[in-house]
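Good morning, everyone, and thank you for making time for this. I would like to take you through one structure slowly, beginning with the whole chain and ending with single residues.

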Amino acid sequence: MNSTIRIAIQKSGRLSEDSLNLIKECGIQFNNGTGKLKSESSNFPAEFLFLRDDDIPGYVADGVADVGIIGENVLVETGKAVELVHRLGFSKCRLSIAVERAKDYKGVTDLQGISIATSYPRILTQFLEENGVRADIHEISGSVEIAPSIGLASAVCDIVSSGSTLMSNGLKEVEVIFRSEAVLIAHRQLSADRRKTLDQLLFRIKSVQAARNNKYILLNAPKEAVPAIIQVLPGMKSPTVVPLAESGWCSIHSVINENDFWAIIDNLRAAGAQGILVVPIEKMIL
Ligand code: ATP
Ligand code: ZN
């Protein structure tokens, strides 16, 4: 039983849905009824704790939880000593400084001596120190963006994703000070048994991520076009080429990266590929 790992995930918020989806895609089943604080998996040695995100780094640092999924912004701000195991690629956002739109802003030195409202005093302090700027930090826990309009501060430092909240509060983003995404963290001194379970989880996560980033591609081509098509297809090892019933024709199968997708498709067509099919991959074992 002591190979069972306790995984802390956000109870409800911007990390929750993607965290739960990732766990599900890893084939780990558990009952996630509303209001539940704890749940045990029926098919993997894991137990889940549903917590407020701010508490997750502390729980993992203390060993109350072995593993957690948390925004890197919160991890760094809390300054808790945990192992950053893996980047998960979701809940991407940035921590930025914004000032009133009408204000002329030329660079960080314009922050000298002003007051900045934030829920991220630690990350902000570090940014200001690195830039040799002294400012007055007002720590507040929420609704940071209204601080300038109520006269609490002349600038804010807050999480931005689209920038629409800043805009509707008459602010403009002037400095990006931190880029964040969800990360998998672990207690620094996991027992060997639990480390093994974490490694199994990590292996599954990487397979899910690889599958998401790749597509399986099938196409037909006349034999003489095959060398040119193979040049275009990077493939995991090399593409599979099988003859078709119609003489002089082949079918080619391979895996392509999502990011290269459109460029590759155009090149394939130019090289003579026909009947191109592209299908999602469910798992990809590297
Ligand atoms: P809790 O109630 O658990 O304390 P919270 O209100 O502090 O939740 P959320 O707003 O759910 O936190 O955000 C959780 C994390 O999601 C943030 O710390 C950040 O890493 C990320 N995040 C925040 N805003 C966005 C956004 N607009 N898009 C994507 N990710 C975001
Ligand atoms: Zn929170």
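Predicted model: local features only at pLDDT ≥ 70, side-chain atom pairs only at ≥ 80, totals over all residues.

Let me begin with the chain as a whole. Its secondary structure comes to eight helices and 15 strands, and along the principal axes its C-alpha atoms fill a box of roughly 80 × 55 × 35 Å. The radius of gyration of the protein chain is 25 Å, whereas a compact globule of 286 residues would have a value near 19 Å. Of the 286 residues, 45% are buried. If we take the contacts with a separation of 6 or more, 69% of them are between residues 24 or more positions apart.

Now to the aromatic rings. A pair of such rings is described by two quantities, the distance of the centres and the angle of the planes. How many aromatic pairs does the count give? The count comes to three. In one of them, Phe 30 and Phe 48, the ring centres are 4.1 Å apart and the planes meet at 25°, and because planes under 30 degrees apart count as stacked, this pair is stacked. Phe 30 sits in the loop between helix H1 (16-25) and strand E2 (38-40), while Phe 48 belongs to strand E3 (residues 46-51), so the pair ties together parts that are 18 residues apart in sequence.

Another aromatic pair is made by Phe 261 and Trp 262, with 4.8 Å from centre to centre and 85° between the planes, which is an edge-to-face arrangement. Here the two partners fall into separate classes, since Phe 261 is buried, with a relative accessible area of 13%, whereas Trp 262 is exposed, with 63%.

Let me move on to the backbone, where two serines deserve a careful look. Ser 91 has a phi near 50°, a positive value in a residue other than glycine, and it is found in the loop between strand E5 (83-87) and strand E6 (93-100). With a relative accessibility of 22%, Ser 91 counts as partly exposed. Ser 143 likewise has a positive phi, near 45°, and lies in the loop between strand E8 (136-139) and strand E9 (155-160). At 47% relative accessibility, Ser 143 counts as partly exposed.

How far apart in space are Ala 270 and Ile 159, C-alpha to C-alpha? They are 45 Å apart in space, and 111 residues apart in sequence.

Key. Residues numbered from 1 in each chain as written. Chains lettered and ligands numbered in written order. Heavy atoms only, no water. Phe/Tyr/Trp six-rings, centres within 6.5 Å; stacked < 30°, edge-to-face > 60°. Helix = DSSP H or I, 4+ residues; strand = E, 2+ residues; numbered from the N terminus. Buried < 20%, exposed > 50% of the residue type's maximum accessible area, 1.4 Å probe, protein only. Rg over C-alpha atoms; globule rule 2.2 N^0.38 Å. Contact = heavy atoms within 4.5 Å.
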